[in-house]
Each structure stands twice: as C-alpha cells, then as structure tokens.
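User: I've got a structure here and I'd like to go through it bit by bit. Can you take my questions one at a time?

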Amino acid sequence: MVPMTYRTEFDRSIADPESFWGEAARSIDWFRKPTRVLDASNPPQYRWFPDATLNTCYNALDRHVIRGAAERTAIIYDSPVTGTKREISYAELLGEVGAFAGVLQQLGVEKGDRVVIYMPMIPEAVVAMLACARVGAVHSVVFGGFAPHELALRIDDAQPKVVVTASCGIEPNRTIAYKPLLDRALELAEHQVPAVVVKQRPQVTAELDPERDLDWNAAMHAGYQQPGACVEVDATDPLYILYTSGTTGKPKGIVRDNGGHAVAMAWSFPNIYDCGAGDVWWAASDVGWVVGHSYIVYAPLIAGATTVLYEGKPVGTPDPGAFWRVIAEHKVKALFTAPTALRAIKKEDAEAEHFAKYDTSSLQSLFLAGERLDPDTYDWASEKIGVPVVDNWWQTETGWAIAANLRGLEPMPIKAGSPTVPVPGFDVRVLDASGDEVPAGEEGSICVKLPLPPGCMTGVWGDEDRFVTGYLSAFDGYYLSGDGGRVDSDGYVYVMGRTDDVINVAGHRLSTGAMEEVLARHPAVAECAVIGVADTLKGQLPRGFVVLKDGADVDPDELAAELVAKVRAEIGAVAAFKEVVVVQGLPKTRSGKILRRTMRDIADGKETKVPGTIEDAGVLDVLRPVLRPQS
Ligand code: COA
Ligand code: AMP
C-alpha cells in the first residue's frame, strides 16, 4: 500500500506541476522571482522558470552567511590518504570561492564560458566548481580516473577558457601525477586552452609552463585582492556540463541549468534524504560523478548542511572500518554511497567487526545508488548496520532520483531489490517495444512521461539534436531512461539493468563502445566486442573478445596484454579492463549486428533464447565455453 502523503504529493506534482514546483521554488533566493514556472511551448523540450534569474553560488553560500550561519561548518574534508582533516566554515568557504571567482575573472572568464576541472577529492575542487557558478561560467568536472585521451575528448567538446587541476591524486596503492596527464591531454586536444591553474600538493610538485600555467596559491593572493561577486544568470542558463558514457565512444555532455537544478536540489535533500540545515551529511562518491555534483556539493550547501568531503576508499584506507570511523568522528546523520563500496567492505569484514569498534549512533539512514542494489548486499547491510538501507535510482541525465523511498516526505516499507516508488515529478511508465504500457509486474523499457521535473538535463552540449534523438524520440512524449525493469502492483519500481551497451563497473558508468574503439584500432584486430559480465564485487566487469585479421602473426597472450594496456592508457584505470580473449568468430545477426546481449546472458549464466536472426549458430556454440568457462 502506498502511503497517503506521498500519494497526494506525487499526484499533485503530475496533475499540476506548475503549482508544485512553483511552491518548491520559494526555497531558493532569486534575483528575479519566476512568474512562469514551466515553458511548455516547444515540446518535447521543456524549460523550467523561464523568466527567473538567480545565482547558484549565492544560494549555496552567501545567503547562509548573510542569515547568521557564517561560522557553521560547510565542508569537513577528511583525507585518510594524506592524513589530513580540515573543517571549513561557510564564511571561509565563501572567502575562498570569492577569491577564486576573482581569479577566473582575471583570466577573462565570463558568463557562459567553460572551465574544465580535473581534480582529486580536495576542497579546491569544490571551490573551483562554486567559483564557476559564481561568475556564471559553466564547469565541467572530469573524473580523475580518466586517461588523457578521454580528457582530451572532453576538452575539445567543452572548449574551456581555463582548466583547473592539482599536482596529484592519491590512490591507496600509488600517487598519480595529474599534471603530466593533463599536459598530454592538452597535446592531444585540438582546442588551445589559454590558462591552466594548478594546486600544488605536498606529495608531488607539478612542472608549470610559465606561459600558460598558474600556481593556485599565487593566483589566490591576487583573487583575494579582487574577489568575484555573484553574476546574475537566467534560470535556464547552464550551470554545468557533465560528460557521461553513451553507446558510442564519444561521451555525451549532459547540460544542467541553474534554476531547475537549484529547486530540485533544495526539494530533494529534505524530502528524499531527510536532511537539512546544520545536519552532517556524507556522500561518499567523487565530484567527478553526478552523485558528487548533486549531493557532495550542491544540495547540502544549498540547504545549509555540513558536507563531508572524503578522500579515501571504503577499504584499504586503512581498513574496512574507514566509513564507520568517519561516521563516528564527524557524527554523520546519513551516508550515501554505492552498493559496490558495501560489497568491498563485506568482502573484508563479513562479520562487521570493524563496524562494532565505532559509535555510529548518529547514523539514521544509509542511501545507496549508482547501480542495482542486489538483495544480498541489502540484507547484509540492513542486518549489520541496523539503520534503514535505502536504494535510489537515478542517472547523470536526471541529476537526482527518479525512484526513491522518500524518507523526509513519508518513509515507506522497503522491498529488497526495489528503489521504492517514483519521486514526485517523475511520471514513470514501463513501455513495450511498440510504446504501449505493459501491465504491472511485466518488464519493459522504463520511461518517464514528459515533462521531466526541474533539475534534469536540458540538452547535450554542442549537439542540439542529440537530446531529442537519443532520449526523446524512441517513444513520443516520453524520456527513454535506457534502463529496463518493471513496476509491481504496489507501484514499486524494479530496475534490472541497461538495455543498451552502457555498463556499470564499481558504480562507474562506462561505454563498451569506447573500449571496442580502442581494441579495433589495433592492426591485428579484424573485429571485436566488449560486454559487461556480472562480478560479485564490482557489479559488472568488461570482457573483450577479438577476432584476428587473416594472416595476423601475433601471440594471443601478448596481444591480450597489449590490448589491456591500451585500454588502461586511453580510457583509464577506472575501466578495470583486464580480460580479453582471442576467438575465431563473433555471433551475429544476418544483418551483421553482433549479438552482445546473447553473449552477456551466456556469460552471466542466464537462460537465453538465441535470436532466430542469428547468421551462424555454430559460431555461438564454439564461443560458449569461452564465454562461461566454469560451466
Ligand atoms: N584517479 C586515478 N585513478 C583512479 C581514481 C582516480 N580518482 N579512481 C580510481 N582509480 C583507479 C584505481 O586506482 C584502480 O587502479 P588499479 O587498476 O591500478 O588498481 C582503478 O582505477 C579502478 O578503481 P576502482 O573502481 O576504484 O576499483 P578498486 O578496485 O580500486 O576499488 C571499490 C573498488 C569498490 C572499493 C571502489 O570502486 C569504490 O569505492 N567504489 C565506489 C564507487 C562510487 O562511489 N561511485 C560513485 C557512484 S555513487
Ligand atoms: P550514472 O549516470 O553514472 O549515474 O549511471 C546511471 C545508471 O546507473 C542508470 O541508468 C542505471 O543503469 C544505474 N543505476 C543507478 N542507480 C541505480 C539503482 N539504484 N538501481 C539500479 N540501477 C542503477
């Protein structure tokens, strides 16, 4: 049974979105308040708050300082990899952001200009993001685990005026010098970046090009002399671009606006996560992912909460008690992480002995997202941690949860394997291949009836058509999520996995197409396929299959090692691409399409019906033992 308050609010959000979101918009400080809530004049494109103006950074910082919260802690930086902890108040953070906004302006950054941020999890990353928002620039944060080639693709697409980086990132097993990676990316990119700002960390000193590169600390001196004030932007102006993997090798620059985003952040934080001003909240993700954008940076700060910025891992920094130590030390009220992090902890501490060492009584809820929360992990976490374990389903494109258990609005019974119900604003429908709704309990393509609520993508950067062709034209009037699943008779959503070639490795979204492009460029490779195979720790792991060109004289093991190294060098260690097998042929349809889904089902040990359109079933029979070697 779906609870009443939720039902009423959800129904209102769908029946009268203008009144619902108009009311929610009151929690934001506008320069010019919205008189119109939704511009529906140009479907399938919709715009929220078309005549309003604001500044997102003002909402995240200035207004709290003005209203008496100057001394409240905005960020708790906790870095077990460097042995550093630092609390930054709202007033201090505002000072730093203002100074860096000044730096950006002195470098000629104006409203609408792009700034790429390639940084580890240090406070300067958040400062840089908010400073962009302050001057009306559009930030594009690139996750530190991506290699130069991927960074170059994003630089060429975003065409930034400035790139902000740090001398290094620190992984448990090694220190990664970022500057040489950035320098390589800048060589590979066609776009000429006029200025680079580098935060020198004590572990590595980056070499600076005197013509182009500035030292962060030196630049900040100048910034403090002439800080940047908040620039008024339209609610519909872009706040950021965040690149995500699609089905092709070219990443998609998801564009998020200022006004809709601010309203969605302000609404979701109390209603979904039950947190608000003064609460200590921790999203253990990375600022390079959407969870980091929304719930490390924007939502907690817009709400006036304290956000934990954690530079470490769930295990190995130094042990599987790391998360519980942070919760106990900083009295964290709610933790948000990915199921894979819990699986990593469970693997090393199945009996939760490390957990027992800490006083985690401040913790009220554990939120999980980024990949499917498998019932085993759910059961383990619920039993050992003893707080509600709350799944929520979303995507870079939506920017916030499509389905969740709304802990602040009205907590609902949890069903293992389901992220609970559609969030107000998201009219979730499950459609079959012809666009008809399937009956409750049946699987199909999960879609959202338009309009999407505020805070969702407004376009794909630099490609006017790709939003419509990629997401809005499969089914007229619906947003195609790319996930398959079902809704049960109680209205609970079950998300079963992607229907395209996107895979999810340790909560990181990756494109098999991008990996295939790397493999296909090898001179000995005639054709190839990469699929995501189920993995008990990381959810999925990529596995490659290559067919050699006739007469190619290569040792299969040497080739495999070379291809693994190439993917690591071109896409990054984060792809975790470690397995590639040389095969005689790949199963295809008569029209030449590789049957990746069939291959994946066999590898995962699922019952699979071989499509009748297969060109030569013999190829699949030969491949079966390679796909599933243990059977
Ligand atoms: N910069 C550079 N390299 C990075 C990196 C970064 N920011 N993040 C990861 N890498 C590297 C790692 O060092 C590792 O390299 P290796 O092959 O030399 O070991 C590789 O990329 C894979 O990293 P990762 O996916 O983190 O795997 P792991 O085996 O090191 O750790 C987990 C496994 C489960 C502990 C880890 O993936 C994790 O904490 N996941 C949570 C994910 C998450 O929060 N996602 C956000 C969505 S909410
Ligand atoms: P990203 O854009 O990196 O956030 O990845 C989004 C994809 O991750 C979704 O399309 C899903 O395939 C998957 N995903 C995220 N959260 C969940 C969840 N709670 N349950 C199932 N899949 C999820």
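User: How many bridges join strand E6 to E7, and which way do the two run?
Analyst: This is a predicted model, so local features need pLDDT of at least 70, side-chain atom pairs count only at pLDDT 80 or more, and totals for chains, interfaces and linings use all residues. Residues are numbered from 1 along each chain as written, chains are lettered from A and ligands numbered from 1 in written order, and side-chain values use heavy atoms, with hydrogens and water left out. Strands here are DSSP runs of at least two residues and helices (H or I) of at least four, numbered from the N terminus, and two strands pair if DSSP finds at least two bridges between them. Strand E6 (residues 114–118) and E7 are joined by four bridges, and they run parallel.

User: Which strands are at the edges of the nine-strand open sheet?
Analyst: The order is E5-E4-E17-E16-E18-E19-E20-E21-E22, with mixed pairing. Towards one end, strand E21 (residues 403–404) is antiparallel to E22, with two bridges, and Ala403 sits opposite Pro422. The edge strands, each pairing on one side only, are E5 (84–89) and E22 (421–422).

User: Thr420 has a positive phi; what's its relative accessible area?
Analyst: Thr420 isn't a glycine, yet its phi is near 80°. You'll find Thr420 in the loop between E21 and E22. Thr420 counts as buried because its relative accessible area is 2%.

User: Where is Ser473, and how far is its C-alpha from that of Pro44?
Analyst: Ser473 is in the loop between helix H15 (466–472) and strand E26 (478–487), and at 43% relative accessibility it counts as partly exposed. Pro44 is in the loop between strand E1 (38–42) and strand E2 (45–48), and a cis peptide bond with omega of about 10° joins it to Pro43. Although Ser473 and Pro44 are 429 residues apart along the chain, their C-alpha atoms are separated by 8.8 Å.

User: Which residues are the closest to ligand 1?
Analyst: A residue is near a molecule if one of its heavy atoms lies within 4 Å of it, and 26 residues surround ligand 1. Sorted by class, they're 13 nonpolar, seven polar and six charged, where Ala, Val, Leu, Ile, Met, Phe, Trp, Tyr, Cys and Pro are nonpolar, Asp, Glu, Lys and Arg are charged, and the others, Gly among them, are polar. The closest are Glu171, Arg174, Lys313, Lys538 and Arg568.

User: How far is a polar side-chain atom of Lys313 from an oxygen atom of ligand 1?
Analyst: A polar contact is a pair of N or O atoms within 3.5 Å; within protein, one must be able to donate a hydrogen and the other to accept it, and residues adjacent in sequence count only if both atoms are side-chain atoms. Lys538 has a polar side-chain atom 3.0 Å from a ligand 1 oxygen. For Lys313, the distance is 2.9 Å.

Technical notes
Buried means under 20% relative accessible area, exposed over 50%, partly exposed in between (1.4 Å probe, protein chains only).
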